[in-house]
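Take a moment with the sequence and the model before reading on. The paragraphs below go from the contact between the chains to the spaces and then to single residues.

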Amino acid sequence: MKQTITVTINGKAYSHEVEPRLLLIHYLREVLGLTGPHVGCETSICGACTVAVDGRAVKSCTMFAVQADGRQVVTIEGLAADGALHPVQQAFWEQHGLQCGFCTPGMIMTSRQLLERNPSPTEAEIRHGLEGNLCRCTGYQHIVNAVKAAAQAGK
Amino acid sequence: MQPFEYANPTTVKEAVGLLGNKWDEAAVLAGGTDLISLMKDYVYSPKRLVNIKNIKELGGIRADKAGLRIGAAATIDELAESPLVAKNFPSLAQAARGVTSPQIRNMGTVGGDLCQRPRCWYYRDGQGLLASPGGRSLVTNGENKYHAILGNGGPAKFVSASSLGPALIALGATLTLQSSSGSRKVAADKFFVTPSAEGSREIALLPNELLTEILVPMGGTKNATYEVRQKEALDWPLATASVALKMSGSTVSSARVVLGHVAPMPWAATQADQFLAGKSLTEAVAEDAAKAALSNATPLSQNAYKVQLARVAVKRALMAAAGARG
């Protein structure tokens, strides 16, 4: 039986009837057209689907849309404000923290939580904090540089 | 994934009324990090999911006279970040921080860590928990490098996937299981079991029961967890040891050493406990205790290397608990 859910996504409230088995990533991409979060491994390994739910980075491929009922979701689309990139986005841009870009939305969403909790992370803390995100281009060095630069810019 | 009915209770009473007498009737949905994976792979297709994340009384971590009370739906991140836990139970905080990755710690729950199903690749491939179609063990005859090295004499060869179980057993925790006909308390070391028949589970929880709370007594122990991993990210450890020591000066008055990821259940290494009692904890003693802990190991064709890894885990956990570097 379909369930009615109300979710605030990037600051805007949405209400839909969804099947309980609909995954959050599919709700975001297919119902709302928010294709920033990517479907990567679909097994909660790669982190390309990472979004923030109530401020916490989670893998939206291993979460049902009904679990987001009543919660606040932020996707990569919700970061830039008034045409200005979020500081983490800006740092990824400047440090070339991406190659093909597939992992980037997830990397940025996870980096954002990392920096919110720890504004001056060490390199080891950055690498540890990004353990749930894979880059298939293996562009990790630039990604770590980008997080360092974002931390620096936030000071 | 098969369709299912979704229930969203707000009280424990309501939740347990929605559970069934068989596993395929209903499943508890907390973080869902394990359950959803099983359902995607058609390994498990319950007819109803009972979401417990909107039941307030199941959340939170607090201390009272009896000890530390951890709500079953508290997240692993809450446990890892709790100053109360870090101060009194470093072994538990270390085990929680070992659960990879940040996203999983945000979503996964303490109860979920204890109730998650094994990672055995034959089980995850739909070959059953004992992976013995037609009575022939795929594990002993196949790829077993991550399987059990202890307690594997019966048909169960998988390893318990729980990261928190060993620490909770070493600390003498008690779990509360609630059903519609009442509640019962189960010691953490009785919660995990080694199944002997296909269809039975690796935990004592019944299909109509909900794990509600974990109580860890303030035991005044020195405790630590050490994990040996293949890589830091995205995986379960290869072998872990959680230890809790009651000390009298520099002498161990009693010890509990529990190994993780080496047996179908967290493995109480009682030989190590006996060996350590009455001894002053030096590096040599820790090394001998580690040997004692693994003295009954029966590795399979590909996993003898885990015996040494588990010894290292025991030695380093003991040295960490004693406040020394391992």
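**Where the chains meet**

Between chain B and chain A, 15 residue pairs are in polar contact, both residues being at pLDDT 80 or more. A polar contact is a pair of N or O atoms within 3.5 Å; within protein, one must be able to donate a hydrogen and the other to accept it, and residues adjacent in sequence count only if both atoms are side-chain atoms. On chain B, helix 2 (35-40), helix 3 (76-81) and helix 6 (102-107) each supply at least two residues of the side that touches chain A. Helix 6 of chain B gives the most, with 6 residues. By class, this side of chain B has 15 nonpolar, 10 polar and 6 charged residues. Here Ala, Val, Leu, Ile, Met, Phe, Trp, Tyr, Cys and Pro count as nonpolar, Asp, Glu, Lys and Arg as charged, and the others, Gly among them, as polar. Helices (H or I, at least four residues) and strands (E, at least two) are DSSP runs, numbered from the N terminus.

This is a predicted model: local features need pLDDT of at least 70, side-chain atom pairs count only at pLDDT 80 or more, and totals for chains, interfaces and linings use all residues. Residues are numbered from 1 along each chain as its sequence is written, chains are lettered from A and ligands numbered from 1 in the order in which they are written, and side-chain values use heavy atoms, with hydrogens and water left out.

The contact (heavy atoms within 4.5 Å) takes 31 residues from chain B and 31 residues from chain A. The two chains bury about 2400 Å² between them, 55% of it on carbon and sulfur atoms. Buried area is the accessible area (1.4 Å probe) that two parts lose on being put together, summed over both. Tyr6(B), Gln103(B) and Leu234(B) supply 26% of the area that chain B buries against chain A, more than any other three residues.

How many salt bridges cross the interface of chain B and chain A? The rule finds 3 (a side-chain nitrogen of Lys or Arg within 4 Å of a carboxyl oxygen of Asp or Glu). Asp77(B) forms a salt bridge with Arg117(A), with the closest N and O atoms 2.7 Å apart.

Next, the second largest pocket. Its space is about 740 Å³. It is lined by 25 residues, and His128(A), Gly129(A), Glu131(A), Arg97(B) and Arg105(B) lie nearest its centre. Helix 3 of chain A gives the most to this lining, with 4 residues. The lining divides into 4 nonpolar, 10 polar and 11 charged residues.

On a 1 Å grid over the protein atoms alone, a cavity is a set of points where a 1.4 Å probe fits but cannot get out, and a pocket is an open set with protein on both sides within 12 Å along at least five of seven lines; lining residues have an atom within 4 Å of a point. Grid points are joined across faces, edges and corners, and a volume is the space filled by probe spheres set on the points.

The whole structure has 3 cavities of 30 Å³ or more. The largest cavity holds about 60 Å³ of space. Its lining includes Asp113(B), Phe192(B) and Pro264(B).

**Single residues and a link**

A cis peptide bond joins Thr100(B) and Ser101(B), with omega about 5 degrees. Ser101(B) is in the loop between helix 5 and helix 6 of chain B.

Over all chains, the structure holds 22 salt bridges. One of them joins Lys148(A) and Glu123(A) (2.7 Å, N to O). Lys148(A) lies in helix 5 (residues 140-153) of chain A and Glu123(A) in helix 4 of chain A, so the pair ties together parts that are 25 residues apart in sequence.
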